[in-house]
Amino acid sequence: MIIRTGRLTLLPLEAAHAGEMATVLGDPELHGFIGGAPLTEPELHARYERLAAGSPDPAVTWWNWVVRLDDAECLVGTVQATVSGGVAEVAWVIGTPWQRRGIATEAAAGLIGWLRTQAAVHAVIAHVHPDHTASAAVARACGLAPTDQWHDGEVRWEHPERQ
């Protein structure tokens, strides 16, 4: 499923995206809040193959997209949703050179809007590191609100459930 926003196209993730995405995600500083280190192209290719194959649990659906900045005709990040029991947990990562341009907000809002059209999704959540003010701003701009719940050192943010 392709999702389009004003400046972006969210393309279903494919292993073939690994080459370009290894560069997009290659800045070690990008991993300051998400942990780990940049993956090599072969590592990213293998990861994308696993993600594109889908969840091994039939009760869980993985949705993964690369974010393309249409005017520049380049990939700039990823958005994803893991859907289980009507709850979608979303996440976004935008490469360092493209940050502070509203791209993460636009991509995440496009994803959440698309999820809201899916009958099986009644709630949207995200987990944001408490010191990651940029990601918190994205979550807030997308209509999510912080809760008092924590998971692996991150604050759970929730989008109001659909009535």
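**Close-up views of a predicted model**

Both W65 and W114 are buried, where buried means under 20% relative accessible area, exposed means over 50% and partly exposed lies in between (1.4 Å probe, protein chains only). The model shown in these views is predicted, so local features need pLDDT of at least 70 and side-chain atom pairs count only at pLDDT 80 or more, whereas totals for chains, interfaces and linings use all residues. Residues are numbered from 1 along each chain as its sequence is written, and side-chain values use heavy atoms, with hydrogens and water left out.

**View 1. Ring pairs link W63, W65 and W114 into a cluster.** A search of the whole structure finds 3 aromatic pairs; rings of Phe, Tyr and Trp (its six-membered ring) pair if their centres lie within 6.5 Å, and planes under 30 degrees apart count as stacked, over 60 as edge-to-face and the rest as tilted. One of these pairs joins W63 and W114 edge-to-face, at 4.7 Å centre to centre and with 70 degrees between the planes. W63 lies in strand β3 (residues 60–69) and W114 in helix α3 (residues 103–116), so this pair ties together parts that are 51 residues apart in sequence; helices (H or I, at least four residues) and strands (E, at least two) are DSSP runs, numbered from the N terminus. W63 is partly exposed, with a relative accessible area of 29%, whereas W114 is buried at 10%. W65 and W114 also form an edge-to-face pair, with 5.4 Å centre to centre and 75 degrees between the planes. Since W65 lies in β3 and W114 in α3, this second contact ties together parts that are 49 residues apart in sequence.

**View 2. Strand β8 pairs with both β6 and β7.** Strand β6 (residues 123–128) and strand β8 (residues 154–159) pair in the antiparallel sense over 5 bridges, two strands being paired if DSSP finds at least two bridges between them. V128 has V155 of β8 as its bridge partner. Strand β7 (residues 145–151) also runs antiparallel to β8, to which 4 bridges join it, and the partner of A145 in β8 is E158. Between β7 and β8, which form a hairpin, there are 2 residues, and D152 in the turn has a positive phi of about 50 degrees.

**View 3. Helix α4 (residues 133–141) has the buried residues S135, A136, V138 and A139.** These residues cover an arc of only 155 degrees around the axis, which puts them on the same side of α4; the arc is that of the directions from the helix axis to the C-beta atoms. The face turned away from this buried side carries the exposed residues T133, R140 and A141. Among the elements that cover the buried residues of α4 are β5 (87–94), α3, β6 and β8. Just after α4, G143 takes a positive phi of about 90 degrees.

**View 4. W92 belongs to the largest nonpolar core.** Such a core is a set of buried Ala, Val, Leu, Ile, Met, Phe, Trp, Tyr and Cys residues joined through side-chain atoms within 4.5 Å. Of its 50 residues, Y48, V67, V90, W92 and L115 touch the most other members, and the largest share, 8 residues, comes from α3. Leaving aside neighbours within four places in sequence, W92 is in contact (heavy atoms within 4.5 Å) with T78, V79, A104, A108, A126, S135, V138 and A139.
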